[in-house]
Structure formats: structure tokens, C-alpha cells
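Student: Please pick a part of this model and go through it closely. I am new to it.

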Amino acid sequence: MGKIGFKPVPTAVAVALTLLIWFVIPVPEGVTPEGWHLLAMFVGVVAAIIGKAMPIGAIAIIAITLVALTGVTNDKPSGAIKDALSSFSSPLIWLIGVAIMISRGILKTGLGARIGYLFIAVWGKKTLGIGYSLALSELLLAPVTPSNTARGGGIIHPVMKAIASSYDSDPEKGTQNRMGKYLSLVNYHSNPITSAMFITATAPNPLVVELVAKATNSDIELSWGTWALAMLVPGLIAMILMPTVLYFIAPPEVKETPNAMQFAKERLKEQGAMSCGEWIMLGIFGILLFLWAGIPELLLGKAYAVNATATAFIGLSLLLLSGVLTWDDILKEKSAWDTITWFAALVMMATFLSKLGVVTWFSGLLESGIASTGIGWMGACALLLLAYLYAHYMFASTTAHITAMFGAFYTAGIALGAPPMLFALLMAAASNIMMTLTHYATGTAPIIFGSGYSTLGEWWKVGFIMSVVNLLVFVVIGGIWWKVLGYW
């Protein structure tokens with residue numbers, strides 16, 4: 001007999017919270033018993049995710065089972081299981097799952113590392129230039145790598161470590177301050193900004209799209225192109241500022257790095273000429289961006305529009321047909337199948353919480369609480385945005401945080417008079433900026449922090465400063481840019 005499949009303490013906490021809400025706390029006025037019971041399960045699921053009681057996919061399977069068995073969404077068993085599985089048909093969930101599969105091609109062919117070394121070969125004379133090269137590499141890969149962990153931790157981080165160690169900047173030798181600390185922080189802080197710039201740059205972004213659509217009765221359905229255009233200007237300005245801001249907060253001892261260019265060129269020589277697989281990957285990358293940006297529709301009219309998820313399937317099909325990826329590669333892409341599973345469960349629960357009136361009730365509580373202060377919609381928005389963003393100190397998963405809080409906070413903001421599109425974009429930006437805060441804020445954080453270049457205190461201090469810088473950029477520059485675009 002092996003070990004049990006769950007951690008006893010976090011599981012006990014999750015179960016206790018569920019039972020407390022279900023049986024002890026009376027159902028509030030304006031909420032149905034079914035909605036309240038679903039909320040009890042939802043709180044338990046989020047608590048289990050935060051406490052890492054089990055892997056998130058396993059928790060999702062249990063959540064689906066509970067919704068099917070308890071019948072909170074439907075009296076009939078056949079209807080209840082249909083409801084429990086309903087989100088597996090969501091195109092947004094498959095968009096992310098398939099895009100993660102596609103990103104395997106960037107790793108497998110070596111195209112990601114090549115992009116990083118190419119930029120360093122050009123701009124690597126100074127440590128600051130290497131910082132910008134890493135940031136630019138991250139930005140280029142962002143539209144087609146929805147696993148921000150794979151992008152920042154799997155593709156860019158090994159390139160960053162190779163360059164730091166070539167300058168003998170190694171935490172084990174106590175020489176991390178030479179340049180490794182600075183480069184590791186640039187490596188990390190590129191991640192939240194690029195994640196904010198494209199729907200397909202991090203897995204929870206489509207969840208934001210779904211929650212915004214639900215809260216506005218589909219008046220606001222953020223397309224891939226709309227999101228990318230909205231985040232383009234504030235995102236680029238945040239990316240331009242970030243390496244320089246970090247250069248002042250965590251200055252590297254080695255400022256001039258003429259050897260880095262040579263090092264990058266040697267690595268490129270080792271890789272040799274671009275392989276057939278890399279060329280195909282690059283071509284498919286281009287096709288994906290062309291279709292996701294909606295260019296056929298712009299040039300030829302609505303009849304030629306291609307759905308974003310259909311585009312992802314086109315990309316994956318081409319990779320399979322060309323042999324760049326095999327079906328075995330796709331089966332081994334565990335994070336994609338994992339994401340599809342937990343995403344479907346969380347979206348399903350969030351959908352039915354909305355349908356059963358729980359989100360409306362909770363956002364009503366927030367709204368009346370803030371309205372009683374009489375601070376107007378701008379003050380109310382600022383309060384909601386700051387509370388939402390900095391609550392991430394309590395979360396180790398952006399998905400759990402967005403699932404738990406986004407819907408109610410967004411609905412409350414609109415009810416308090418915030419322009420719906422403006423507040424949607426600010427909340428979407430905050431959902432990514434919050435990744436800067438801690439060493440457990442998103443999957444990329446433990447990988448880069450775990451390399452040991454930065455102490456815990458430094459990481460948290462820099463994270464807080466960058467959250468303020470990024471938030472100011474998205475609120476001020478973003479606000480002006482979205483006004484120009486006519487979004488509010």
C-alpha cells in the first residue's frame with residue numbers, strides 16, 4: 001500500500017470550509033440553496049488549490065464529480081453530469097491547451113534558444129543590453145507560448161544562466177551580484193508584462209475573457225486582436241522601462257560584457273544553420289500571428305475570419321503533418337492536458353456560480369460597501385483594483401486568484417459606474433502584474449528564484465517596486481491609449 005493521494009492538512013481545511021458554508025452558515029437572502037451549496041464546493045476547491053492538497057488536475061476531477069453527484073445545477077443525474085462536463089466544449093480552453101502543445105515545437109526545434117542567442121549576439125556588449133535581449137526574446141515568444149512557465153523558466157532561463165555562468169556569476173560561488181542577480185530579475189519580470197500583452201501568453205487570460213463576457217452579458221467579448229492592440233502600447237512601455245528600473249534597483253557589478261556577444265555567437269555556431277524543423281516552426285509561428293491578428297478579415301471581409309481556436313488547431317495540424325511534432329510529443333505534453341482539465345472544471349464552476357446568482361450577490365455586497373464611502377467610480381475602481389492585485393500575496397496560483405475574485409470585483413466596479421471596457425482591461429492587466437509580487441506567485445517564480453541568484457528579501461522588494469511601476473504604466477499610459485482607441 002502506497003501513500004495516500006492527498007495532503008491531509010490542506011485537504012482537511014478545504015473539506016471543513018466546504019462543510020461550514022454548506023451546513024452551518026445560513027443561506028443569505030437573494031441566493032438559492034443550490035447556488036450556496038455550489039459556492040461551498042467552490043470555496044473548498046480554491047482552498048485545496050491554494051493549499052496544494054493535490055495536483056490541480058486531480059482537484060478538478062473531484063470538483064466535476066461533486067457537481068455531478070450533488071445535482072446543484074440540475075435535478076436529473078443525466079443533466080447534472082452534462083453540466084459538470086459542459087466547459088470541455090469551450091473554445092477558449094482548447095485554444096490554450098493546443099497553444100501549449102504548439103509551444104513544444106519551439107523547445108524541441110531549439111528555435112527559442114536561437115532567438116535568445118541571436119539578440120545577445122547583437123546587443124550583448126553591455127549587461128543592460130543582455131537584459132534587453134532577454135526581454136525582447138520573451139516578448140517574441142509570448143504570443144505562442146501560453147505556458148508563461150515554459151517561456152520564462154524553460155526557454156529563457158537556461159539562456160540567462162549560461163550567460164551568467166560564462167562571466168563566472170554563480171550563486172554557489174557567491175558571485176551572483178556580478179550579473180546573475182540582475183539578469184535573473186530581468187528574466188522573471190519580463191514574464192508578467194509579456195503575459196499581459198496577449199490572450200495566448202498565459203493560461204489564465206482566457207478565463208479573464210470568459211468572466212468579462214459573462215459579467216457584461218457578452219457585450220464585451222475580448223478577441224485576440226482587441227486584447228493585443230489594447231495592451232500593445234502600455235506593454236511595450238513597461239517592457240522598455242523594466243530592464244532599466246531593475247538596473248538601478250539591483251545593479252550588476254559587471255557593466256561591460258564584450259565577451260557575451262562572442263559567447264552567444266559560439267552557441268549559435270554549435271547550433272549550426274537553422275534546421276528544417278526550425279524553418280517550419282518559424283513559418284507556422286508567422287501563420288498563427290497572421291490569423292490571430294485577424295488580418296484576412298481586415299483585408300478580405302468577415303467571410304474570411306478565422307476563429308482563434310481554429311487557428312491554433314491549424315498550427316498544430318501543420319506541425320503534425322510536417323513531422324516537427326509527433327503524436328507522441330503531443331501525448332507527452334502533460335501540462336496541456338492538465339490545463340484543459342483544470343480549466344474546464346474552474347470555468348464550469350464559475351459559470352454556474354454566475355447563473356445561480358452567487359456572483360451577483362457577492363458583487364452587490366462589495367458594491368454597497370464601497371458605495372457607502374461615496375468616493376465616486378474612479379476611487380471605487382482604484383480601491384477594487386489595488387485590493388484585487390495585492391490579494392495575490394495570499395495566492396500561489398494566478399488561476400485560483402482570478403477564479404476566486406475576478407468576477408465579483410469586476411461586476412462591482414461596473415455597478416459603481418466604471419466604464420466596462422476600461423475596467424475590464426485594467427483588471428486584465430492586474431491579473432498579470434500580480435505575478436511580480438512573490439517567489440510563489442506563478443509557475444515561473446520558483447524556477448528562477450530557486451536558481452539562487454536573489455535572496456527572498458530582494459525578490460519581494462523588487463517585486464513590490466515592479467508592481468507599482470507596471471500598474472502606473474497600465475493605468476496612466478493604458479488609460480490614455482484606450483481613450484484614443486475609443487474604448488471608454
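Tutor: Two residues are in contact when heavy atoms lie within 4.5 Å. The model is predicted, so local features need pLDDT of at least 70 and side-chain atom pairs 80 or more, while totals for chains, interfaces and linings use all residues. Residues are numbered from 1 along each chain as its sequence is written, and side-chain values use heavy atoms, without hydrogens and water.

Helices are DSSP runs (H or I, at least four residues), numbered from the N terminus. In α9 (residues 180–197), K181, L185, Y188, H189, I193 and A196 meet E458, W459, V462, G463, M466, N470 and F474 of α23. This contact has eight nonpolar, three polar and two charged residues (Ala, Val, Leu, Ile, Met, Phe, Trp, Tyr, Cys and Pro count as nonpolar, Asp, Glu, Lys and Arg as charged, the others, Gly among them, as polar). The axes of α9 and α23 (residues 456–484) come within 11 Å and cross at roughly 35°; axes are lines fitted to C-alpha atoms over the stretch in contact, with angles from 0 to 180 degrees between N-to-C directions. The crossing of α9 and α23 is right-handed (the near helix is turned clockwise from the far one by less than a right angle; anticlockwise is left-handed).

A second pair is α3 and α17, whose axes are 8 Å apart at an angle of about 40°. Their crossing is left-handed. Residues I56, G57, A60, I61, A63, I64 and V67 of α3 meet D338, T341, W342, A345, M348 and M349 of α17. By class, 10 residues of this contact are nonpolar, two polar and one charged. Just after α3, G71 takes a positive phi of about 65°.

How values were computed: Helices (H or I, at least four residues) and strands (E, at least two) are DSSP runs, numbered from the N terminus.
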